[in-house]
Amino acid sequence: MTLIAENLNKSFGDTLVFKDIFFTVDKGEILVIKGKSGQGKTTLLRCLNYLEVLDKGSISINGKYLCKDADGKVQYAEKEDLKAYRLDIGLVFQNYNLFPHMTAKENLLLAPKFLDNMTEEEMEKRAKELLAQLDISDKENSYPYQLSGGQQQRVAIARACMLNPSVLCFDEPTSALDEETRGQISKIIKGLANQGMAIIVVTHDSSLVEELEGNVLTMGK
Amino acid sequence: MKVFNMLLPMTMEGLKVTLGVFLITLVLSVPLSIIVAKLRMSKNKLVAKIVGIYIYIMRGTPLLLQLMFIFFGFHYIPVIGYAFSRHQAIAVAFILNYTAYFSEIFRGGINSIDVGQTEASTVLGLSKRYSFMKVILPQVIKNVMPSIGNEVITLVKDTSLVYILGVADILKAAKAVSNTYSTFVPYIFIGLVYLLIVAVLTKVLDNVEAKFNYYR
């Protein structure tokens, strides 16, 4: 299994967000986490990406642990292991969170430049390939404000794919898109799964759940 | 004519002081204020508190008093016992004072950036420092430029406070010539010099702001 999540528990103060969540996602699989607003779907995704800390539970990708239970308490990995874990998971935010002062291509190149794990040529080549694959090659020098919602999302997907993570998460990918663009995004997501990525999609959009034809985890009642 | 024969060379000498104080304060205060703003936002409560007190003192007392304290009073502090020269005291007081004001502007600017920008940097694996320098700071600078511009213009006028330590800036030159010839003309002339400096600065600041207009 690529991603294994076991016994995940999370509260904010006295408010329980989710309890005893178990799931796995394998290479090429799509897991759709559905549920109404306020059921903790986004919080779960944030926990997988270490933007929130769990109260209990363990998460691992390809055997590399983000956290595990030890003596009833959650124990997070050391700094170096966290870095390695981060490279194996990507997140496309609901509102994309593109860097507004950078062009589409600069958004893609920022992380590889920092991590210094590719040559300049490799970075350029990968960025161009991804932009072409997502059909936005002509937008590489555009700033986010010059792009439509759907184009911004494609840039966000390309940015998350730059480091070739094993797992890619999507938070409400169709919430701000029209029906046609939604169809294109679901095709892109299925395409990424076909290339071997493990995909986790959080959504309350029942049409998208059907289109993605993945495993479904329902949160809440 | 006699008035200007005396006033012009004195104004040129005074300009060295006025522009010198202005430039050294600006060049050192701006980078320092970014560090101070970060310290003010530190998770370490003691650090944040100490920086908060420093900002409170600098913003809560007149710059004139700070100049006097640093020049006349600093060496009375036990253990330190160091006496600043006039020019050192001026530089220290102006830098400390303006760093405090600039730091609060930068703190507001940093807080105004959507937390999603930091989160996006985090999930991309960027370090906090790299994310701050490449993602957050460029956006902060765009947002704070109008407020920084305001302070920069105030700084030009505040340089006239150096008279309290007997240092001759352009305003003191005007006063000396005015006393000699019993005329108000030198003050009008120096007023125009200030306006000219501010006009140049306004143009420069407008250009800097325009440079950041390439994105929204």
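In which helix of chain B is B:Ser29 found? B:Ser29 is found in helix α1 of chain B, helices (H or I, at least four residues) and strands (E, at least two) being DSSP runs numbered from the N terminus. The model is predicted, so local features need pLDDT of at least 70 and side-chain atom pairs count only at pLDDT 80 or more, while totals for chains, interfaces and linings use all residues. Residues are numbered from 1 along each chain as its sequence is written, chains are lettered from A and ligands numbered from 1 in the order in which they are written, and side-chain values use heavy atoms, with hydrogens and water left out.

B:Ser29 counts as buried because its relative accessibility is 0%. Buried means under 20% relative accessible area, exposed means over 50%, and partly exposed lies in between (1.4 Å probe, protein chains only). The side chains of B:Ser29 and B:Thr99 are joined by a polar contact of 3.5 Å. A polar contact is a pair of N or O atoms within 3.5 Å; within protein, one must be able to donate a hydrogen and the other to accept it, and residues adjacent in sequence count only if both atoms are side-chain atoms. A polar atom of the B:Ser29 side chain also lies 3.4 Å from the backbone oxygen of B:Ile95.

Side chains of opposite charge can pair when their charged atoms come close. With a salt bridge defined as a side-chain nitrogen of Lys or Arg within 4 Å of a carboxyl oxygen of Asp or Glu, the count over all chains is 15. One of these salt bridges is formed by B:Glu119 and A:Arg46, whose closest N and O atoms are 2.6 Å apart. This pair joins two chains, because B:Glu119 lies in helix α5 (residues 115-123) of chain B and A:Arg46 in helix α1 (residues 41-48) of chain A. Both B:Glu119 and A:Arg46 are buried.

Within chain A, the side chains of A:Lys105 and A:Glu140 meet in a salt bridge with an N to O distance of 3.7 Å. The pair links distant parts of the chain, 35 residues apart: A:Lys105 is in helix α3 (residues 104-115), and A:Glu140 is in the loop between α4 and α5 (149-161). A:Lys105 is buried, with a relative accessible area of 15%, and A:Glu140 is buried at 14%. A further salt bridge, at 3.6 Å from N to O, is made by the side chains of A:Asp205 and A:Arg182. A:Asp205 lies in the loop between β9 (198-203) and α7 (206-212) of chain A and A:Arg182 in helix α6 (residues 179-194), so this pair ties together parts that are 23 residues apart in sequence.

Charged residues also gather on the surface. A patch of positive charge holds A:Lys79, B:Lys38, B:Lys43 and B:Lys128. Patches are made of residues with over 30% relative accessible area and no salt bridge, like charges being joined within 9 Å and nonpolar side chains (Val, Leu, Ile, Met, Phe, Trp, Tyr) within 5 Å. B:Lys43 sits in the loop between α1 (2-40) and α2 (45-60) of chain B and counts as exposed because its relative accessibility is 77%. A patch of negative charge holds A:Asp116, A:Glu120, A:Glu121 and A:Glu122. A:Glu122 is in helix α4 (residues 120-133) of chain A and, at 43% relative accessibility, is partly exposed.

Definitions and conventions. Accessible areas come from the Shrake-Rupley method with a 1.4 Å probe; for residues, only the protein chains shown count as cover. Lys and Arg count as positive and Asp and Glu as negative; His and the chain ends are not counted. The place of a charge is taken as NZ of Lys, CZ of Arg, CG of Asp or CD of Glu.
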